[in-house]
Every structure is written in structure tokens, then in C-alpha cells.
Amino acid sequence: MKRGGGIRRKRLFGRTILFTSVVFFIGFGLLLLTLRSVDDPNSSSFIDDDDDDAVSDEDSARWINSSSSVVEAKVDGGRLCATVEEMGTEFVDGGGGFVDQSLRVRDVIRRHFRLNGAGAVRELAPEEFCRHGYVLGKTAEAGFGNEMYKILTSAALSIMLNRSLIIGQTRGKYPFGDYIAYSNDTFTLNEVKHLWRQKGCVKKYGRRLVMRLDDFEKPAKSNVLCSNWKKWEEAIIWFQGTTDAVASQFFLKNVHPEMRAAAVELFGEQGSSEPGANVFGELMMSLISPTKDVKDAVDWVLRETGDPDISLHMRMLMSKSVRPLRAAVNCLGKAVNKLGVSKPRVVIVSDTPSVVKNLELNISSIAEVLHFDYKLFRGGIAQRGRGLPMLDFRIKDWGPAPRWVAFVDFFLACRAKHAVISGAHRRVGTTYAQLVAALAAAISLKDGSSNSSFAFLSSFQSNLLADGLKNQVGWGHVWNRYAGPLSCPKQPNQCAFTPLAPPGWWDGLWQSPIPRDARKLAAYGVELSGFGTVNEDRLHAFCNAKKAYLSTVTIV
């Protein structure tokens, strides 16, 4: 009898534990929903079969009428998660306050270069000139997207620090100088050196032209989070290794309030309900333009049609897979339906020539297809570019076309008036596609506008989302900050609205880090929670204990 009573008590105890566990997990899930402020509007995500390219009227209506709030969260294995489309609902038409924020940043940029542009600084009195500071932006002319972010990060930092911008040259040539022209508001290092001597900065005021270096890719030595850069006395600052949108946004978590405030002035308050401004697009519109040769090639493509409505960028890495193309056709169909224009003009840009032909066959019934066929172009850049073959080891990465074609494609795609779509064999929304969308959005946003319908869309085929966004690794990828456990596995094809300014932290609703990024942040002294929250106390303690690293070069 005692033995039987013991068994009953054990069973009762086991049931109690089970019931308690169920209540705990349900309560925990509800708590997470409350903390993350998840809304539940009456909309559903687009579900596409890999073998069906048709876009139904019902799906199109859902997409067109989708709200800017987050749709119902899914529960997968007891864990809250969202699809890419659900994550992207806050970026519909750029986000609710996108226009106001972007126009605000446009004014900040204009005001900065009006006061700190080369024309104004040249006219400063000698003593004032010799106290003035600069930020150097220098590239190695590797991949265009990564290298352009180095320039843009330096420009952003010059605004935060109230300094002038220097565009670094190599043997007297600007980076990508055959294809890109830079604003007259920028300096060259040679000019700064000349003015430094001419105004007697060393002889009269005892101030040498010293450059301080900080390497973002070496977290043990970088001062990006722990130092007040506004108090640095060196005349020139070179922030190295800034190959994506993340580095400049690290200052949003800098331990010094003065630095944080300067970053917030440019990027906005992170984690707030206000959408981020199109910072990098506005910077590009202010700083770069195509050279005459490149512009002639772009105008040649558009000579009979005018500007395109949509640009479709497919980064295929020479793959012949049809899944990315089918997903992209579906996504394009949605964009066309949203636009409400019969036969819109669509520019196709790809590193893989066969992709252009295949897509043209599939979309010619719904769009007028444009493409730069460099073999038919007889302009000056084509003649000078002949005989310069692509390096073999770059062909898979950049495609077989001559290097200059990528710049024509870039400025051609940036002429899109309404949308940019990014599709890929592996990683969607890489730096090149980000910059195309950002510049196109900036160009389409006119001064004094009160609204914008511009869209940046990411096209994912289902096999890329078998593990959610986990494989969108690397800080240069626009969805990296969403790649953690809040991203649902086994998603169908997705056509998602995408942030024009890739986030630098994990402050948004559906953002969560992957373990690799948490380990990487630890080297900077940042302890991340599973949802990406920064342990501020730990960061301050790290910075207090860290020895400041100083690396300088005397130029004059």
C-alpha cells in the first residue's frame, strides 16, 4: 500500500511540474509579446510556391493594403519569430516618418558642407584654419559597395565631429575617379598640406599636421565606443576598415553623451517608433555623381524611354539556379501591381549575363525591360575600356563584364523612380544593392515633399530561409541584424520591404543577433542579450578599464 501511494504521489508531482511548466512558458511568451509591443492587424504574409510564378489578385491586394504594423507573430517550437515580410512591414513606403527624417538629414548635410566645405574653409583666417579639423576617406578600389561605404562613413563622421572631409587619392587619382566625380566641397590631402604650409600653421602657430588612425576591424585597439572623438586634437582622423553601414552607427552606443548626441543628430534615436533616415543615400546625393563618360552611357540606355520605374538587381555569382529568378519575378509582379502602371519600365542589373535574358523572357509581358548591353555601346568609355580584361579571380564575384560596366549599371539603376528590388543566389541586399536603393530613394525624394512611395524590396527564395535569416551573415548584409532567433525557419518565398539604412544595432522589434555577432561584439566590450540588448553597465566598466590606444602619423 505504501508503495502504491508513493507511485500516486510521484505521478501527481509530475503532473504538477508539467502543469507549472506549461503555465510558465505561456506566461513567458505573453510577457515577450508585451515587452516587444507586438500588434496583430488583419493582414497575412505572401506565400509562394517555388514552382508557381503567378501573382494572384488576392496576394497583390494584401501586399498593396498591408499596414505598417507588425503582423501576428508565429510560435515555432515555443519560440516567438517572424517572417521576413512581417519584419519588413515597418518599412512600407520607407516607413511612416521616412520623408521627414530624410529631409531633416538632407538639411543637416547641406548646413555642414556650407560651413565646413572646402570653399568656406579655404577662406578662413590663418589662425582659425590651423585649428580646423578633417576626416580622411580613403579606399583601395576593391568591391565598389564596400569601398564606397568607407567614403560615406568618413563623411558621416565629419558631420558628427564638425570637421571637413578629405577624399584620399592614390598617385594623384580619386578612388574610382574614371567613373565617379566628387563634390567640390571636399578636399584632397595634397591641398590641405599646401594650405597648411601656406598659412604658416607650423611656423607661426606651432601646429603640425598630424593624422590619428583608428581601425574599426581591430576592436582591441579601436576607440569607437570608449573615446570622445570630439576632444581629439589631431588635425586629421582616419577611421579605417569601415566597409559597411555599421561602423558609423557604432557611435550611437559610445559611452560619452556628446558623441552619442552627435550620432543621434544624424541617424536618429535607435529603437524609437520613428523610422531611420536615408542617411547614406542623402550623403551620396550630396557627394558623388557619374563622370561624363558614365553619364553618357546611362543616357544612351534611356535615350528613348526616359527614367525607369523599377530597378531589379540580381547578384547570382554565375549561378544558373532558377529559384532566385522565380522568386524575383513574383516580387516584381507585386511591385508592378503596387505601382498601378501598365507596362512600367524595369532596368535589370546582374553580374551574370544569362540572368538578364532569362528574366526578360519572363517579365516582358508585364514590363518594358531595359538593360545596358555594353557590347553595343560605342561611347568613349567603351573604347578606352577595351583590352582591360576582368581578373580571373574576380569573375565569379563581379561577373565577366569589364569593370566600368558596374558603374554604368549602378548609376542606371539609381534612376529608378519608384522601387529597387534585390535578389540573389545566396545573400540578398549586399552593399552594392543597398547603395543603389539608397541613392535612388534620395533622388526620388524632392525638397518639400510630404510623402514618398519609394520601396526597397528584398526577394528571397524559400531555400535561403530554411533556417530563417541565419545565413545572411556579415555586417555588410542588410538583413544581418534580423538573423537571430526571432527569424522563423522554413519560410516560403518572401518579397519584403527593406530598410534603406541598414541598422547598426539590434534595437528594433524583430532584430536579434546570431552567436557569431554576439562574440564579435564582445571584443568591443559589448555584452548582448539574446534579443540584442546592450549591457550598458558592462560597456562602461570595459571602457573605464581599457587603455586608450593612440596611433598617429605626422604629415607636415
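A charge sits over a ring if NZ of Lys or CZ of Arg is within 6 Å of the ring centre and within 35 degrees of the ring normal. I looked for that first. Lys520 lies over the face of Trp475, 3.8 Å from the ring centre. Lys253 lies over the face of Trp505, at 5.7 Å from its ring centre.

**Ground rules.** I am working on a predicted model, where local features need pLDDT of at least 70, side-chain atom pairs count only at pLDDT 80 or more, and totals for chains, interfaces and linings use all residues. I number residues from 1 along each chain as its sequence is written, and side-chain values use heavy atoms, with hydrogens and water left out.

**Aromatic rings.** I paired rings of Phe, Tyr and Trp (its six-membered ring) if their centres lie within 6.5 Å; planes under 30 degrees apart are stacked, over 60 edge-to-face, the rest tilted. The count comes to 33 aromatic pairs. Trp229 and Trp232 are stacked, 4.2 Å centre to centre with 20 degrees between the planes. Phe410 and Phe411 are edge-to-face, at 5.1 Å and 85 degrees. I checked burial too (buried is under 20% relative accessible area, exposed over 50%, partly exposed in between; 1.4 Å probe, protein chains only). Trp229 and Trp232 are both buried. Phe410 and Phe411 are buried as well. One aromatic cluster includes Trp229, Trp232, Trp475 and Trp505.

**Cores.** I took a nonpolar core as a set of buried Ala, Val, Leu, Ile, Met, Phe, Trp, Tyr and Cys residues joined through side-chain atoms within 4.5 Å. Which residues touch the most other members of the largest one? They are Ile180, Trp229, Phe250 and Phe410, in a core of 98 residues. Helix H7 (residues 144-161) gives the most to this core, eleven residues. Helices (H or I, at least four residues) and strands (E, at least two) are DSSP runs, numbered from the N terminus. A second, separate core has 46 residues, Phe91 and Phe460 among them. I then listed contacts (heavy atoms within 4.5 Å). Beyond four places in sequence, Trp229 touches residues including Leu157, Asp214, Phe239 and Met259.

**Helix H4.** The 19 residues should span 27 Å; the end C-alpha atoms are 26 Å apart, which agrees. Buried residues in H4 include Phe98, Leu103, Arg106 and Phe113. The buried residues of H4 pack against H7 and strand E4 (164-167), among others.

**Salt bridges.** My rule was a side-chain nitrogen of Lys or Arg within 4 Å of a carboxyl oxygen of Asp or Glu. The whole structure has 18. Asp447 and Arg106 meet at 2.7 Å, N to O. Asp447 lies in the loop between H17 and strand E13 (455-460) and Arg106 in H4, so the pair ties together parts 341 residues apart in sequence. Is Arg106 buried or exposed? Arg106 is buried, at 4% relative accessible area. Arg106 and Asp447 also belong to a salt-bridge network with Arg110 and Glu282.

I looked up Arg212 and Glu234 next: 3.8 Å, N to O. Arg212 counts as buried at 9%, and Glu234 does at 16%.

Lys292 pairs with Asp296, closest N and O atoms 2.9 Å apart. Both lie in helix H11 (residues 292-301), four residues apart, about one turn of the helix. Lys292 is exposed at 61%; Asp296 is partly exposed at 33%.

Technical notes
The expected span of a helix is 1.5 Å times one less than its number of residues.
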